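Thanks for passing this one along. Here are a few notes to read with the structure open beside you.

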Amino acid sequence: MATELEGKVGLVTGGTSGIGRETAVLFAKAGAKVVVAGRRVPEGEETIELVRAAGGEALFVKTDVSKASEVETLIQKAAERFGRLDVAFNNAGIEGAWSPIVRQSEEDWDRTIAINLKGVWLCLKYEIRQMLKQGDGGAIVNMASITGLVGAVGAAAYSASKHGVIGLTQTAALENAKSGIRINAVCPGFTETPMTDRLFRIPKIQKNLLSCHPIGRFGRPTEIAEAVVWMCSERASFMTGQSLVVDGGFLAGPNSPS
Ligand SMILES: NC(=O)c1ccc[n+]([C@@H]2O[C@H](COP(=O)([O-])OP(=O)(O)OC[C@H]3O[C@@H](n4cnc5c(N)ncnc54)[C@H](OP(=O)(O)O)[C@@H]3O)[C@@H](O)[C@H]2O)c1
């Protein structure tokens, strides 16, 4: 039985499906009490059930991470219910409408940036405030992507938002290093989740993207969640301000999605 997060309180945004849901369950298996955030209530309740089935304790708080008041309430409710916040995974995100810049709408740009980038900033702001109040450190992982490190044809807003998450991660890490709050990012390659199910509706896209992963398959949510749990644990105690790539070899080679 893993105990890396024994006695800790963990938060996962975007915990209603995919990588976030898997991480909520792994947080619980590692011994943490878990707060799950997202907009869809039935899916949030399903995640809570999965956490309970894994022997954990969890709270779902309906939250839109692009809204400051909702994120502030989320952190308040986490602290009210479990007394503190030790670890957080700022994972909520959308893929946006994939199209070339010349055809991209201002509305889609604004929405993607509001959720993927402003949402992470808002979460950091209120999580760090809570951790500073507690005064005994903490660990935060932000969800970036391989497209936070290189461009992605047709995904300008998404890629820009994920590049922004890496800059935010470095800045937040520097600002809080002396307080013992470690802040890192994870950069997954393409991983099998409802998000990629939507992207892979066009078989040509799926085939092209698969060919960019030297390992010969897409990632599994649990493979990303394992990296997140490790970064949140004391085993990663000297790591802050970094972006950990978990991508089946995607960035090791010259391929890029087309
Ligand atoms: N799958 C991949 O290949 C891949 C690769 C690299 C990075 N990522 C990143 O991984 C993260 C999770 O994605 P996924 O692949 O697991 O897809 P997913 O199953 O679609 O999960 C996205 C999650 O984000 C939540 N979310 C979206 N907008 C939100 C908002 N405004 N407020 C709160 N929660 C919101 C969704 O919950 P609600 O709809 O209930 O709000 C859902 O739980 C995303 O940030 C994505 O960019 C994914």
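The points below go from the sheet to the ligand shell.

1. A word on the source: this is a predicted model. Please read the points that follow with that in mind.

2. Start with the overall sheet. Seven strands form an open sheet with parallel pairing, in the order β3-β2-β1-β4-β5-β6-β7. Its edges are β3 (58-62) and β7 (243-246), each of which pairs on one side only. From one strand to the next, the twist averages 20°.

3. Strand β4 (residues 87-90) deserves a look. In a regular strand, side chains alternate between the two faces of the sheet. Here both faces are covered: Val87 and Phe89 are buried on one side, Ala88 and Asn90 on the other.

4. Now the neighbours of β4. Strand β1 (residues 9-13) runs parallel to β4 and is joined to it by 3 bridges, with Gly10 opposite Val87. Strand β5 (residues 138-143) is also parallel to β4, through 4 bridges, and Asn142 in β5 is the bridge partner of Asn90. Between β4 and β5 the chain passes through helix α4 (residues 106-134), making a right-handed β-α-β crossover.

5. Going on from β5, strand β6 (residues 181-188) pairs with β5 in the parallel sense over 6 bridges. Asn184 in β6 stands opposite Val141.

6. Which residues come nearest to the ligand? Of the 30 around it, they are Gly14, Gly18, Arg39, Gly93 and Met195. Helices α1 (18-29) and α6 (194-199) each give two or more residues to this shell. By type, the shell residues divide into 16 polar, 10 nonpolar and 4 charged.

Definitions and conventions:
Residues are numbered from 1 along each chain as its sequence is written. This is a predicted model: local features need pLDDT of at least 70, side-chain atom pairs count only at pLDDT 80 or more; totals for chains, interfaces and linings use all residues. A residue is near a molecule or strand if its C-beta atom, placed from the backbone, lies within 6 Å of it. Ala, Val, Leu, Ile, Met, Phe, Trp, Tyr, Cys and Pro count as nonpolar, Asp, Glu, Lys and Arg as charged, and the others, Gly among them, as polar. A residue is buried if 20 or more other C-beta atoms lie within 10 Å of its own, exposed if 12 or fewer, and partly exposed in between; C-beta atoms are placed from the backbone. Two strands pair if DSSP finds at least two bridges between them. A crossover is right-handed if, with the strands pointing away from the viewer, the path from the first strand over the helix to the second runs clockwise. Axes are lines fitted to C-alpha atoms, for helices over the stretch in contact, and angles run from 0 to 180 degrees between N-to-C directions.
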